[in-house]
Amino acid sequence: MESKSMDSRNIFISSQHRLTNIEWSDLIYVGLNHAQANEYKAEEVAECARSLFDQEEVYVVIGRHDSYLSTLAEALEKVSELLISTDILLCNTSFTKAMKFNKIGVMSYGLKRS
């Protein structure tokens, strides 16, 4: 059982090791939201996230120093902002479900194979 008080480094390392058997969906274009593009499909992303994650808290995995525990709603609000400069991974606290976003405006989601 994972402790909910993991620090950024441990969240990042755990995500790297424990998300290896995820069965990923095909890439889905979700768009971007910045000066040159205002096409981020926030509602589609939120709908997909709500149907994938069955808990309120998720890990936002960005890097070794800036990963953290967040509510799903707060994480979804941040995704379009973060996508401007980085790739992002959202995963449940047991590391069995995840959504990954690439800064080119695509995402995929997946579940751990049993």
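Me: Which residues does S108 touch, not counting residues up to four places away in sequence?

Reply: S108 touches W24, S25, D26, L27, A98, M99 and K100, where contact means heavy atoms within 4.5 Å. The model is predicted, so local features need pLDDT of at least 70 and side-chain atom pairs count only at pLDDT 80 or more, whereas totals for chains, interfaces and linings use all residues. Residues are numbered from 1 along each chain as its sequence is written, and side-chain values use heavy atoms, with hydrogens and water left out.

Me: Why is S108 called buried?

Reply: Buried means under 20% relative accessible area (exposed is over 50%, partly exposed in between, with a 1.4 Å probe and protein chains only). S108 has a relative accessible area of 2%, and is therefore buried. S108 is placed in strand 9; strands (E, at least two residues) and helices (H or I, at least four) are DSSP runs numbered from the N terminus. From S108 to L27 the C-alpha to C-alpha distance is 5.0 Å, although they are 81 residues apart in sequence.

Me: What makes strand 5 and strand 6 a pair?

Reply: Two strands pair if DSSP finds at least two bridges between them. Strand 5 and strand 6 are joined by 4 bridges and run antiparallel, with V60 opposite Y68. A hairpin of 6 residues links these strands. Strand 5 also pairs with strand 7 in the antiparallel sense, over 4 bridges; there Y59 has C91 as its bridge partner.

Me: What makes a set of residues a nonpolar core?

Reply: The residues must be buried Ala, Val, Leu, Ile, Met, Phe, Trp, Tyr or Cys, joined through side-chain atoms within 4.5 Å. The largest such core has 22 residues, and I88 and M99 are among those with the most contacts inside it. Helix 2, strand 5, helix 3, strand 7 and strand 8 each give two or more residues to this core. A second, separate core has 11 residues, including I11 and L89.

Me: How many residues of the lining of the largest pocket are nonpolar, polar and charged?

Reply: The lining has 11 nonpolar, 4 polar and 2 charged residues. Ala, Val, Leu, Ile, Met, Phe, Trp, Tyr, Cys and Pro count as nonpolar, Asp, Glu, Lys and Arg as charged, and the others, Gly among them, as polar. Helix 1, strand 7, strand 8 and strand 9 each supply at least two residues of this lining.
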